[in-house]
Structure formats: structure tokens, C-alpha cells
Amino acid sequence: MVPFPDILETLIEALRTAVLVSGLVVIMMMLIESFNVESRGRAFAPLRRSGFLQVISSALLGSIPGCVGGFAVVSLYTHRMLSFGALLAMMIASVGDESFMMLAMFPGKAVLLFAGLFVLGVCTGLVVDRLSNGQKRVPTRLEDTYDLHDEDGHHHDPVPQEGKQVRRYGWKRMVMLLGVALFLAALLSGWLEEDEGAPLSGFNLLGEKWIFWIFGALSLVVLGELIFASDHFIQEHLWEHIIRRHLPSIFGWTFGVLLAVGLLFRFVDLEAWIGGNTSIMVLLAIAVGLIPESGPHLAFVTLYAGGVIPFDVLLANSIVQDGHASLPLIADSKKAFVKAKAFKVGIALVVFLVRGLLL
């Protein structure tokens, strides 16, 4: 029986980490949303170039934290503007919302993992396109998974003009302003660190604290967006898209997984059990990776961050999973979704076997 103080400690730690990770995720998502709107979607415009450039561009979009880049690639593929190899390159390079959590928990190794997935995605995409010999796809039709409106042209209106909406500081804008300000204060005061209350000091590019400094600066940028952005951008893009649609699920999955894993640590010596069952854990990681949704994969991120599972398990899961970037692909082309996932399972198994032989 686990003592109540231990359970309470686990609960508080899970809550603290969930606030940290969810805050980092939302800050990044707000910045990416702003970038997409500011560019009027041109950042994700069709790339009618060579197959090589399509694969490179798709892998780069897949490497963007979150699923915005993945949605763009799926939209371009279903409109016959990208090859299947380019689609596959994106799906390998992308790890969905878990990328934000990896950056928060182990930033140095996360960057190396993303770089490796990018190279693997590019190589796989080029080989698949080469072997497919330019076969045409069945025409498809799918609405874009990111929305742009006429009002987005007025993202920032410093001086209201006749016929334009006056910027209002309603309760939604104020709630987001207060939330970001409190998160920034907690971040820089050290309250969200493991050693609570220890203010940030020093800077190590691959250390645990560099992400705090960077996100502190990014939080200031978001505060500026919240102050000067148009009412439409605040309402439709930040509040409806990020706060209402994403934040509850991000926080819920993060807190739930962290609490479950934390309590499991109290009952089971996972390190001793998993230490002799790496192959089984890799197969489980691959099976979970088939789920086209962000959230379930967080368990492997958390276990790796805690030193419980080896890198091979996290790598296998990261290769197969792609967050919810592929959800619109299921709606439009189930065959392409199944084919891409089958390719990724095979690649994950090959990578695991090769690493086993070389290491």
C-alpha cells in the first residue's frame, strides 16, 4: 500500500509538470498559428518543383512541432500536388504534439531525434518515389485542415479605419493575457522547475534550463500578439482553435499519463522489468504508434525521460506515430493511410534490427 503522502507528492508533481508542458505546447501553437495567418498560407503553398524538393519540403513541414505542417502536406497530397514519397517523408519526420513535450523534457536529445527522423524520412521518401516510377494517384478531394478567412488580412490593425472592426479587450483576450503572464512568471521564478522556487541561473544550450529561457522570450512575443492582434484572430484562431480545441486534451492527456506513470513507479520496479524486455517494448511502441492521435504516445516520452526505457523504444514509437496529422488522410484516402503506416512499421522494425546488430 502506497502511503498517502507519496500519492499526494506524485499528484502535485504530475500537476506541476502538466502545467509546464501544456504551457510550452500552447505557446508554440500560438506562434505557429500566428505565422500561418501572417503569411496568408503562403508558408504552406504548393511546391510545384522536382520530386526531390517535394520530399525535402514535406519532411521539413513534418519536422515543425505540432501538426500544422502535417495538415498542410496531407492537404497538398490529397489535391495531387505532392507524391506519396513526400507524404511518407512527412509522416516519418512528424511526431505530433509529443515534439513539444520532448523539447520540454529532454531538449538536447529531442533535437537529435528530430534530425534523425528528418534524414530517415527524406531517404525513405526518395527511395519510395524512385521505386513507384511516377505512378499517378486516384483523384481526391479534401478541405484544408487549417482555415484562413478574409478577416485574417487584418491580423494587426494599429489604427482602426472606417469600416474596420475596433479592437476590443473582451474577457477571452484578458483570460489568455492573464494565463500567459502567470505562466511566464512561474517559468522565470523557478516554480515550474523540479527544485521548486529556484530562480533560473546560467545558460547551457543542451541543458535542462535553456528551454525555459527561450520560452520566456517566446511568451513575451505571445503577450504582444494578444495585445495587438485583431478580434477575429483572437476569437477564431487562438481561442477557438487552440484554447478550446487543443488545450483541454493536451493538459488532460499530459496530467493523466504523468499521474498514471508516477503511481506505477510507486508500485512496480519498471526499470528492472523492462530492462530485460526491450524487444517486447519495441513491439508495443510500434503498435501504439499506429494510433492516429496525439496523447497515447506520451507514455513512451515520459518513460524515456525518466530513464526507464531505452532510446530504441522511443525511436520505434516516433517512427510509426505522427500525432493526428494523418487523421484527415483517413477521411479522404484510407488506402494511403494504411499503406503509409505499413511502410513505417516495416522501417521501424528494420531500424531496430540494424541498431541491434551495430550496437
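**Entry 1**

I started at Glu 13, and its relative accessibility of 35% makes it partly exposed (buried is under 20% relative accessible area, exposed over 50%, partly exposed in between, with a 1.4 Å probe and protein chains only). A note before going on: this is a predicted model, where local features need pLDDT of at least 70 and side-chain atom pairs count only at pLDDT 80 or more, while totals for chains, interfaces and linings use all residues. Residues are numbered from 1 along each chain as its sequence is written, and side-chain values use heavy atoms, with hydrogens and water left out.

What does Glu 13 form a salt bridge with? I found Arg 16, with 2.6 Å between the closest N and O atoms (a salt bridge is a side-chain nitrogen of Lys or Arg within 4 Å of a carboxyl oxygen of Asp or Glu). Both residues sit in helix H1, residues 4-38, and being 3 residues apart there, they are separated by about one helical turn. Arg 16 is buried, as its relative accessible area is 9%.

**Entry 2: the whole chain**

I stepped back to look at the chain. I get 16 helices and 0 strands (these are DSSP runs numbered from the N terminus, H or I of at least four residues for helices and E of at least two for strands). Of the 359 residues, 50% are buried. I also looked at contacts between residues at least 6 apart in sequence, and 81% of those join residues at least 24 apart (contact means heavy atoms within 4.5 Å).

**Entry 3: helix H9**

How many residues apart are Glu 240 and Arg 244 in helix H9? They are 4 apart, so about one helical turn separates them. Their side chains meet in a salt bridge, at 3.2 Å from N to O. Arg 244 is exposed at 53% relative accessibility, whereas Glu 240, with a relative accessible area of 23%, is partly exposed.

I then looked up Leu 238, which is also placed in helix H9, residues 231-244. Is Leu 238 buried or exposed? It is buried, with a relative accessible area of 2%. Leaving aside neighbours within four places in sequence, I listed Met 30, Met 176, Leu 226, Phe 233 and Ile 243 as its contacts. I checked Ser 34 too: it is 204 residues from Leu 238 along the chain, and their C-alpha atoms are separated by 8.7 Å.

**Entry 4: H12 against H14**

Next I took a helix pair. Helix H12 (residues 278-289) packs with helix H14 (residues 311-320) at an angle of about 20°, and their axes are 8 Å apart.

Which residues of H12 meet H14? I noted Thr 278, Met 281, Val 282, Ala 285, Ile 286, Val 288 and Gly 289, which face Asp 312, Val 313, Ala 316, Asn 317 and Val 320 in H14. The residues of this contact divide into 8 nonpolar, 3 polar and 1 charged.

**Entry 5: what covers H14**

I stayed with H14 and checked how covered it is. In this helix, 9 of the 10 residues are buried, among them Leu 314, Leu 315, Ser 318 and Ile 319. The cover over its buried residues includes H12 along with helix H4 (84-93), helix H5 (98-105), helix H6 (107-132), helix H13 (298-305) and helix H16 (334-358).

**Entry 6: salt bridges again**

Which residue does Asp 312 form a salt bridge with? I found Arg 355, with the closest N and O atoms 2.4 Å apart. This pair links distant parts of the chain, since Asp 312 is in helix H14 and Arg 355 is in helix H16, 43 residues apart. Asp 312 is buried at 16% relative accessibility, and Arg 355 is partly exposed at 26%.

I also noted a network of salt bridges that links Asp 322, Lys 341 and Lys 344. The count of salt bridges comes to 6.

**Entry 7: Thr 302**

Thr 302 is buried, with a relative accessible area of 10%. Apart from neighbours within four places in sequence, Thr 302 is in contact with Met 105, Val 257, Leu 258 and Val 261.

Note on methods. Axes fitted to C-alpha atoms, helices over the stretch in contact; angles between N-to-C directions. Nonpolar A, V, L, I, M, F, W, Y, C, P; charged D, E, K, R; others polar.
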